[in-house]
Amino acid sequence: MSMVIHLIMLSWLDERTTKRQAQNWSDKLHQSLLAKEEKRQSEAKLDSSGQYKVHKNYAISHQQDSLNTENDVTIVTQCSVNHLHHLAQLTEEWDGLISVSVFTTKLQVHIADAAIFTLRECFEKIRTNVAFHIVYPFTFQDINEIQNKRHDIELLDLSCENVLHTITNLNLFMQNYDLSGIPYPNNLLRNVARTGVQSTYIFVIDIDMLPNKHLRTDFLSFLQNSVISEELSDVVYVVPAFELPDNSPRPTTKQELLKQYDNNGVRPFYIELCKKCQFPTDYESWRNLESKHGLGVAYSREWVDPWEPFYISRSDVPFYDEQFKQYGFNRISQVCELHVAGFKFSVLDNAFILHLGYKTKTGFHSSKDEENLKNKFLFRRFKEALLTKYPESSRRC
């Protein structure tokens with residue numbers, strides 16, 4: 001009988017400890033939300049359009065001020081709140097700094113705060129390597145409103161064990177490009193994340209993409225072994241992009257990727273939606289390169305419309321045009337400017353990035369085509385403006 005009583009007491013004490021820890025976590029989260037809201041109210045600034053508030057360096061990485069980033073490369077990315085779970089895997093594959101802009105709305109801001117707080121608490125590599133910036137529409141809540149949001153957050157399971165699952169399931173009511181009629185300012189987000197970078201080089205990608213293992217260290221070795229003359233400073237280094245089927249083993253080396261490519265698993269990025277958008281990367285030449293160790297330039301390609309490669313570049317390349325919002329022409333407009341400004345596109349031989357899942361025609365929001373048409377006309381005006389911006393250039397988009 002005494003043994004039974006002892007076990008009951010241990011169970012009771014363990015339950016009390018668990019509840020106490022949960023309450024302490026809740027209190028810590030609540031205090032963080034209040035502090036972040038006060039800081040946001042004082043530090044957030046209007047963007048150039050006057051439509052969005054921007055809070056740069058909302059949460060800085062622990063290594064941001066301690067690393068010698070002069071000749072390093074930083075990933076630049078952006079997302080809405082429900083895609084933040086991708087950072088857990090991205091930080092496992094990329095051992096350097098990441099700068100991410102997070103778009104939120106009036107109704108989501110407390111959830112964004114809570115999600116970022118929990119990810120930083122639970123994942124050391126996110127806390128160490130990721131800098132967060134917040135962007136939200138200008139119309140915003142008063143600080144007192146945050147007091148009423150604690151109950152909503154407590155309905156979410158933000159434990160370390162389940163936070164990634166919880167963020168993923170926010171898809172039920174949050175989606176990029178479909179945020180209650182609020183335009184998704186992807187290029188503003190990219191620019192904000194870029195201004196949070198201290199390194200000489202940047203790698204702008206989507207948050208649901210993964211670079212091959214050791215790409216950062218291979219690229220830094222490539223820089224050390226290369227004589228980068230002033231003439232070659234206007235070069236961007238193209239990283240071939242692929243799509244990986246859901247629930248497929250992820251290749252970590254080029255050899256593994258080519259095996260899946262040959263077995264009709266991995267395929268070129270956007271091949272179903274816009275084959276010519278990635279065609280100049282020349283996947284056939286890339287896959288048939290002679291195998292070698294290390295990283296180098298395989299070949300260079302002249303830019304042609306509508307090529308929109310992913311690439312590593314110096315951090316001082318032209319910024320993205322913030323007029324482009326929602327779907328269509330937001331990345332290609334910047335690549336077009338690179339071409340007109342005289343940049344050279346060099347394809348790396350042993351580097352690649354993977355999009356997790358196939359891009360299909362049925363995988364988009366309902367207003368995609370309408371937005372694409374609107375941005376197509378905007379792109380025409382953008383190209384005309386480049387003639388004035390670069391009057392001595394003979395290149396055209």
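Modeller: In this predicted model, the largest nonpolar core holds 94 residues, and those that touch the most other members are Leu84, Leu87, Phe132, Phe203, Phe219 and Phe242. Helix H3, which spans residues 109-122, gives the most to this core, with six residues. Apart from it lies another core, of eight residues, including Tyr52, Phe103, Val135 and Leu189.

Colleague: Which residues is Phe219 in contact with, leaving aside its neighbours within four places in sequence?

Modeller: With those neighbours set aside, Phe219 is in contact with Val73, Tyr201, Tyr237, Leu295, Ile312 and Leu348. Phe219 is also one of the buried residues of helix H8, residues 215-225, where the others are Leu215, Arg216, Leu220, Phe222 and Leu223.

Colleague: How do you know that the buried residues of H8 line one face of the helix?

Modeller: When H8 is seen down its axis, the buried residues fall within an arc of 155°, and therefore they line one face of the helix. The face turned away from that buried side carries Gln224 and Asn225, which are exposed.

Colleague: Why is Lys53 called buried?

Modeller: Lys53 has a relative accessible area of 18%, and because buried means under 20%, Lys53 is counted as buried. Lys53 is found in strand E2, residues 52-59.

Colleague: And which residues is Lys53 in contact with, leaving aside its neighbours within four places in sequence?

Modeller: Once those neighbours are left aside, the residues in contact with Lys53 are Ala44, Lys45 and Leu46, together with Ile134, Val135, Tyr136, Pro137 and Phe138. Val135 is also among the residues of the eight-residue core.

Terms used
Residues are numbered from 1 along each chain as its sequence is written. This is a predicted model: local features need pLDDT of at least 70, side-chain atom pairs count only at pLDDT 80 or more; totals for chains, interfaces and linings use all residues. Side-chain values use heavy atoms; hydrogens and water are left out. Buried means under 20% relative accessible area, exposed over 50%, partly exposed in between (1.4 Å probe, protein chains only). Helices (H or I, at least four residues) and strands (E, at least two) are DSSP runs, numbered from the N terminus. The arc is that of the directions from the helix axis to the C-beta atoms. Contact means heavy atoms within 4.5 Å. A nonpolar core is a set of buried Ala, Val, Leu, Ile, Met, Phe, Trp, Tyr and Cys residues joined through side-chain atoms within 4.5 Å.
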